[in-house]
Amino acid sequence: MTEAHQEKLRQESDSIGPISVPAAAYWGAQTQRSLENFSFSAAEHMPMPIIRALAHIKAAAADLHRQHGLEDRLANAIAAAADDIIAGQFDDQFPLAIWQTGSGTQSNMNVNEVIAGIANERLAGTRGGKQPVHPNDHVNQSQSSNDSFPTALHIAAALACRDALLPSLDQMHAELTDKAQRWAAIIKIGRTHLQDATPLTLGQEFSGYADQLAQCRARLEYSLTHDIAPLAQGGTAVGTGLNAPADFGPAMAKALHQRTGFPFTSAPNKFSALAAHDGLMALSGSLAVLAAALMKIANDIRLLGSGPRAGLGELDLPANEPGSSIMPGKVNPTQCEMLTMVAAQVIGNHQAVTVGAMQGHLELNVFKPMIGANILRSIDLMARGMAGFTQHCLSGLAPNEARIAELMKRSLMLVTALAPAIGYDQAAKIAKYAHDHNLSLKQAALDLKAMDAETFDKWVVPAHMLGPEPNSPVTN
């Protein structure tokens with residue numbers, strides 16, 4: 001090792017012994033060991049929302065520990081360093097991988113060491129080290145990775161849903177609701193099994209999409225309130241709360257509520273909060289349901305916009321970019337393709353979370369980093385995907401009313417309106433005859449002498465086929 005290289009290092013130590021750490025780094029020995037033992041690309045770094053959530057925990061704990069003897073100058077230094085981390089001033093100090101110990105211990109210690117390093121530089125002029133702020137004794141006081149890390153996962157997921165996912169979902173829902181209202185009078189043919197069915201309005205069709213998203217939002221809100229708001233903090237190592245004050249869990253939940261604005265509570269049973277992550281899996285399940293809804297909506301819009309001349313062509317999709325390197329003038333439904341790929345990835349993430357949630361062995365689940373990272377990836381993907389889809393696709397959608405009317409008038413399933421008048425079998429005979437002889441339903445009915453033109457026109461009125469018959473009450 002050259003002398004110049006040696007000058008760029010400093011010595012830190014942990015229970016295993018001394019280790020060289022980059023002199024410019026704020027982290028300490030345990031972070032350095034993790035860096036050397038778990039080598040992954042920057043794309044696999046622990047998500048920053050988890051790091052910032054851990055910083056919230058450290059700041060809240062430092063403030064509470066004033067009541068239990070922590071000097072004000074140390075508490076202030078810890079809280080200030082944590083708040084700077086939350087503000088994004090030290091993102092480069094958190095290089096550890098998701099793929100580490102399953103409790104998240106190394107990332108918890110990474111945060112402890114960096115906060116101590118920042119605080120010590122400000123208080124004593126020396127970067128890193130353990131004096132006057134110790135990463136374990138002070139920053140991690142009354143905590144274990146086993147309760148702090150799952151608490152951080154809940155905080156990160158709650159804030160990501162509140163600040164990114166739900167606003168994007170609301171924007172998409174609002175756009176779909178607006179279209180449902182504006183297109184309420186456009187009558188089109190329905191389709192089941194990808195075959196012609198009875199009429200509905202384009203507004204009714206889009207109201208179904210809007211309702212799917214409303215239901216998804218309700219599921220997410222329920223999960224955030226019942227599954228994510230309860231926090232593991234206070235359970236320490238195995239759920240007993242060893243080395244923490246008796247009221248530490250509820251006090252931390254209150255403090256984190258005040259810091260974030262999210263109504264966190266203290267989990268009533270810390271043993272399940274450490275050993276099982278059913279709540280996180282439930283949230284992931286709600287995200288998977290949203291992904292399935294987005295897949296349905298995007299695929300329907302892609303089908304309705306197919307063509308423009310050789311497909312259904314009922315919707316005109318925005319032309320955002322050229323669609324082919326060889327076919328001039330081709331435009332593809334790229335936003336639909338983006339959102340369906342996002343949905344597929346979220347379903348895959350949920351599968352990983354499901355496997356992770358199974359790994360609660362005795363007093364600890366040891367798949368915490370993978371569970372948290374996949375949930376945050378799903379939230380981020382769908383928040384960005386829905387925002388882009390709403391802006392670049394939904395907002396510019398337009399109905400091709402001429403094409404809609406043409407297809408509706410040609411549909412054989414308008415014959416359904418005749419069934420109450422002439423019976424199912426006779427109506428089916430008209431439809432089959434029309435199809436076999438390439439005739440309109442009306443002409444087929446006349447050819448078969450099933451009814452006269454006036455009677456046909458009286459019964460086959462698409463505008464009258466959009467709901468139940470108002471004068472036909474159900475009788476028992």
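1. Axes are lines fitted to C-alpha atoms, for helices over the stretch in contact, and angles run from 0 to 180 degrees between N-to-C directions. Helices (H or I, at least four residues) and strands (E, at least two) are DSSP runs, numbered from the N terminus. This is a predicted model: local features need pLDDT of at least 70, side-chain atom pairs count only at pLDDT 80 or more, and totals for chains, interfaces and linings use all residues. Residues are numbered from 1 along each chain as its sequence is written, and side-chain values use heavy atoms, with hydrogens and water left out.

2. Start with α2 (residues 29–37) and α5 (residues 105–124). These helices pack at an angle of about 140°, and their axes lie 8 Å apart. They are therefore oblique to each other (angles under 35 degrees count as roughly parallel, over 145 as roughly antiparallel, 65 to 115 as roughly perpendicular and the rest as oblique). The crossing is left-handed (near helix turned anticlockwise from the far one by less than a right angle; right-handed if clockwise).

3. Which residues of α2 and α5 meet? Ala-29, Gln-30, Thr-31 and Ser-34 in α2 meet Gln-106, Met-109, Asn-110 and Glu-113 in α5 (contact means heavy atoms within 4.5 Å). Two of the contact residues are nonpolar, five polar and one charged (Ala, Val, Leu, Ile, Met, Phe, Trp, Tyr, Cys and Pro count as nonpolar, Asp, Glu, Lys and Arg as charged, and the others, Gly among them, as polar).

4. Now α3 (residues 48–65) and α9 (residues 248–260). Their angle is about 120°, with axes 9 Å apart. This pair is therefore oblique too, but its crossing is right-handed. The contact includes His-56, Ile-57 and Leu-64 of α3 and Phe-248, Met-252 and Arg-259 of α9. By class, it has 10 nonpolar, three polar and one charged residues.

5. The largest pocket holds about 900 Å³ of space. On a 1 Å grid over the protein atoms alone, a pocket is an open set with protein on both sides within 12 Å along at least five of seven lines; a cavity is a set of points where a 1.4 Å probe fits but cannot get out; lining residues have an atom within 4 Å of a point. Grid points are joined across faces, edges and corners, and a volume is the space filled by probe spheres set on the points. The pocket has 34 lining residues, with Ile-189, Arg-191, Asp-196, Leu-407 and Ser-411 nearest its centre. Strand β3 gives the largest share, five residues.

6. There is one cavity of 30 Å³ or more. The largest cavity holds about 50 Å³. Helix α12 (residues 334–357) gives the most to its lining, three residues.
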